[in-house]
Amino acid sequence: MTQTYSISDLARELDITTRAIRFYEEQNMLSPERRGQERVYSPRDKVILKLILRGKRIGFSLAECRELIELYDPGHGNRKQLETFLDKITQRRAQLAQQLLDIEQMQIELDTAEERCRTALEQTR
């Protein structure tokens, strides 16, 4: 028999709220079975949640997470998913490098503005 999980099992194990899990379900990223009112999650649902959480941690949008999840195909070694993931990692690194440059430029501009303010302040004495 395949292992299944309740919503509270997954929430506890992955350290997220049941509300977050229901949100991903509403976004059609998870599709648990129903036993009456109870949601029953599969190992695949657990993997999908882990992918979503990992994607969020490294700055991927929900749409990017969805794209990676749709490529999940353990029967074929997940090659397409892994290649797409590597492309997205490369893009994210480039984006972060640009943001870092932008921050460094902003710090230089702040230093210049601060220096001018201090000089102007000194001249008011």
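**View 1. The buried side of helix α1.** Helix α1 spans residues 7-14, and its buried residues are I7, L10, A11 and L14. Buried here means under 20% relative accessible area, with a 1.4 Å probe and protein chains only. Helices are DSSP runs of H or I with at least four residues, strands are runs of E with at least two, and both are numbered from the N terminus. Looking down the axis of α1, you will find these buried residues within an arc of 100 degrees, so they line one face of the helix; the arc is that of the directions from the helix axis to the C-beta atoms. Their cover includes α2 (18-26), β2 (38-40) and α3 (43-57). This is a predicted model, where local features need pLDDT of at least 70, side-chain atom pairs count only at pLDDT 80 or more, and totals for chains, interfaces and linings use all residues. Residues are numbered from 1 along each chain as its sequence is written, and side-chain values use heavy atoms, leaving out hydrogens and water.

**View 2. Either end of α1.** In the segment before α1 sits S6, which counts as buried at 16% relative accessibility. Beyond its neighbours within four places in sequence, S6 is in contact (heavy atoms within 4.5 Å) with E38, R39 and Y41. After α1 comes D15, with a positive phi near 55 degrees.

**View 3. The largest nonpolar core.** This core, a set of buried Ala, Val, Leu, Ile, Met, Phe, Trp, Tyr and Cys residues joined through side-chain atoms within 4.5 Å, has 19 residues. L10, I21, L30, Y41 and L49 have the most contacts inside it. Helices α1, α2, α3 and α4 (62-70) each supply at least two of the core's residues.

Conventions. Buried means under 20% relative accessible area, exposed over 50%, partly exposed in between (1.4 Å probe, protein chains only).
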